[in-house]
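Below are my notes on the model, as numbered points. Please read them alongside the sequence and the coordinates.

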Amino acid sequence: MAEIFDYDDYRDMIKDYYLEHKKHNSLYSFSTLGKTLGLDSSHAYYIVQKKRNLPVHAVPAAKKMLGLDGRGAAYFDLLIVASRTKSEKTKAEILQKAFQLRDVKRHLLKDNELKYLSAWWTIVVRALIEVNHGNVNIPEIANSVIPPITEEQAQESIEILKSLGFIQPINNNSKVRLADPHITVQGAEKAEAIRSFHSKVMQFGIRSLSEIPPENRDISTITMAVDSKGFEDIKNMLKEFRKEIQIRVDKCIVPDRVMQLNLALFPVALNKKKEK
């Protein structure tokens with residue numbers, strides 16, 4: 001099944017859910033679907049056929065059935081409101097709000113692209129180019145990075161970004177543009193590159209406490225006692241928060257700085273008796 005953000009009508013997702021279960025279990029029926037939603041079989045059928053809407057009392061059951069929470073649940077709610085709205089103008093406004101909750105498009109790094117992470121400043125240089133509106137000024141870039149890098153390092157980063165296609169020359173190479181706004185890395189074989197990068201930027205987080213004025217940073221910590229369910233919930237909340245940050249970043253029309261956000265959730269004490 002596709003994710004909820006791929007749908008413009010929530011009933012299409014319920015339909016796909018039904019068809020997916022029917023494919024793996026021929027006995028799965030509209031009666032089964034209706035029972036899950038707290039509805040009779042005919043009502044479930046008409047929802048799948050887009051001839052009826054999901055009743056308010058069945059919405060929580062539908063979210064649970066589809067595994068929706070956080071932004072996904074909010075997106076689902078907006079699609080429901082849109083489907084019940086008769087005014088085309090109002091419907092368009094509601095759908096626009098819903099579409100703003102969609103995931104940002106991200107570029108998944110391939111093995112030959114991992115040199116992008118080999119030097120922490122390459123990522124910063126890429127973001128600085130966006131701040132500079134695509135202008136590539138090596139001395140200015142080298143001096144803008146905190147802590148400063150050499151012009152040779154800045155030039156090397158530019159060449160890496162060009163060779164990987166992460167920046168693309170325009171206007172006879174006098175300016176460049178970013179090819180992908182967001183980049184992500186997955187896969188066990190890439191874990192070491194990620195660990196090395198995270199280690200370096202976390203060190204800069206420590207340095208910022210003494211070198212960056214408080215008005216130009218925001219650093220806080222929370223020490224908390226949680227159970228395993230709370231731990232999983234918090235991880236999911238952080239995941240959703242990262243996505244919301246990326247969506248907000250896309251709305252920055254004229255960026256004037258490059259910020260690093262480190263989110264770290266780790267144990268500082270464990271109940272060893274319970275672990276056993």
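1. The largest nonpolar core has 32 residues, and Ile4, Leu33, Leu54, Leu66 and Phe76 have the most contacts inside it. A nonpolar core here is a set of buried Ala, Val, Leu, Ile, Met, Phe, Trp, Tyr and Cys residues joined through side-chain atoms within 4.5 Å. Buried means under 20% relative accessible area and exposed over 50%, with partly exposed in between (1.4 Å probe, protein chains only).

2. This is a predicted model: local features need pLDDT of at least 70, side-chain atom pairs count only at pLDDT 80 or more, and totals for chains, interfaces and linings use all residues. Residues are numbered from 1 along each chain as its sequence is written, and side-chain values use heavy atoms, with hydrogens and water left out.

3. H5 gives the most, with 6 residues. Helices are DSSP runs (H or I, at least four residues), numbered from the N terminus.

4. Leu33 touches Ile14, Tyr17, Tyr18, Tyr28, Ala44, Val48 and Met65, leaving aside residues up to four places away in sequence. Contact means heavy atoms within 4.5 Å.

5. In H6, Ile94, Leu95 and Ala98 are buried. Seen down the helix axis, the buried residues of H6 fall within an arc of 100° (taken from the directions from the axis to the C-beta atoms), so they line one face. These buried residues pack against H5 (70-84), while Lys89 and Lys97, on the other side of H6, are exposed.

How values were computed:
Helix = DSSP H or I, 4+ residues; strand = E, 2+ residues; numbered from the N terminus.
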